[in-house]
Each structure stands twice: as C-alpha cells, then as structure tokens.
Amino acid sequence: MKVTMLVSTCDITDCPTLYATNRDTLLVQGETPTDHGLQIPSHETLVEIPMDLIRKAIRDKLI
C-alpha cells in the first residue's frame, strides 16, 4: 500500500492526520476512544478525529 499524507492539525507526528492510499481509501490517525459503548468487531476499530481536520481537508480540496 502506498500512503500519502493529506492534512494534519499540527507539525508533529502524534496529531490527527488524514492519509490517502493508492487503494482509493483514506487512513485516519487519531485518538482511540474507549467510552463509546458500541459493539465493534474485533477486526475493526474506531478512531476519533476533530471536525477541524475534516473541514481543513475539504477547504483545501484534498477530499
């Protein structure tokens, strides 16, 4: 898989970030919430990212 960083909320590596892949998918880097109360299959996960990151990606026409 080829991964390209699209947008981040800061300049260091531990911030919410969106990546594009050569599979026509997005990867999301963010906090893993534990207090959601949802039943998530063992092969999946949830990642919490701020709306500002999505707004920035849309504003910059990255997605």
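Analyst: Helices (H or I, at least four residues) and strands (E, at least two) are DSSP runs, numbered from the N terminus. This is a predicted model, in which local features need pLDDT of at least 70 and side-chain atom pairs pLDDT 80 or more, while totals for chains, interfaces and linings use all residues. Residues are numbered from 1 along each chain as its sequence is written, and side-chain values use heavy atoms, with hydrogens and water left out.

User: How many helices and strands does the protein chain have?

Analyst: The protein chain has one helix and three strands, and their pattern along the sequence is β-β-β-α. Strand E1 covers 3–8 and strand E2 covers 17–21; strand E3 comprises residues 26–29, and helix H1 spans 51–59. Along the principal axes, the C-alpha atoms fill a box of roughly 35 × 25 × 20 Å.

User: What share of the residues of the protein chain counts as buried?

Analyst: Buried means under 20% relative accessible area, exposed over 50%, and partly exposed in between (1.4 Å probe, protein chains only). Of the 63 residues of the protein chain, 16% count as buried.

User: Is Thr-17 buried or exposed, and which backbone oxygen does its side chain reach?

Analyst: A polar contact pairs N or O atoms within 3.5 Å; within protein, one must be able to donate a hydrogen and the other to accept it, and sequence neighbours count only if both atoms are side-chain atoms. Thr-17 lies in strand E2 and is buried, because its relative accessible area is 3%. Its side chain reaches the backbone oxygen of Cys-15 at 2.9 Å. Ser-8 belongs to strand E1; with a relative accessible area of 10%, Ser-8 is buried. The side chain of Ser-8 reaches the backbone oxygen of Cys-10 at 3.2 Å.

User: Which residues form the nonpolar patch on the surface?

Analyst: Patch residues have over 30% relative accessible area and no salt bridge; like charges are joined within 9 Å, nonpolar side chains (Val, Leu, Ile, Met, Phe, Trp, Tyr) within 5 Å. Areas follow Shrake-Rupley with a 1.4 Å probe, and for residues only the protein chains shown count as cover. A salt bridge places a side-chain nitrogen of Lys or Arg within 4 Å of a carboxyl oxygen of Asp or Glu. Here, Leu-26, Ile-58, Leu-62 and Ile-63 form the nonpolar patch, with about 340 Å² of accessible area together. Leu-26 sits in strand E3 and is partly exposed, because its relative accessible area is 43%. Its C-alpha atom is 9.4 Å from that of Thr-4, 22 residues apart along the chain.

User: Which residues make up the negative surface patch?

Analyst: Asp and Glu count as negative, Lys and Arg as positive; His and the chain ends are not counted. Charges are placed at CG of Asp, CD of Glu, NZ of Lys or CZ of Arg. The negative surface patch consists of Asp-14, Glu-31, Asp-35 and Glu-48. Asp-14 is located in the loop between strands E1 and E2, and its relative accessible area of 57% is why Asp-14 is exposed.

User: What is the phi of Asp-24, and what is that of Lys-61?

Analyst: Most residues other than glycine have a negative phi. Asp-24 is not a glycine, yet its phi is positive, at about 60 degrees. Asp-24 lies in the loop between E2 and E3; its relative accessible area is 75%, so Asp-24 is exposed. Lys-61, likewise a residue other than glycine, has a positive phi near 55 degrees. Lys-61 is found in the segment after helix H1 and counts as exposed because its relative accessibility is 73%.
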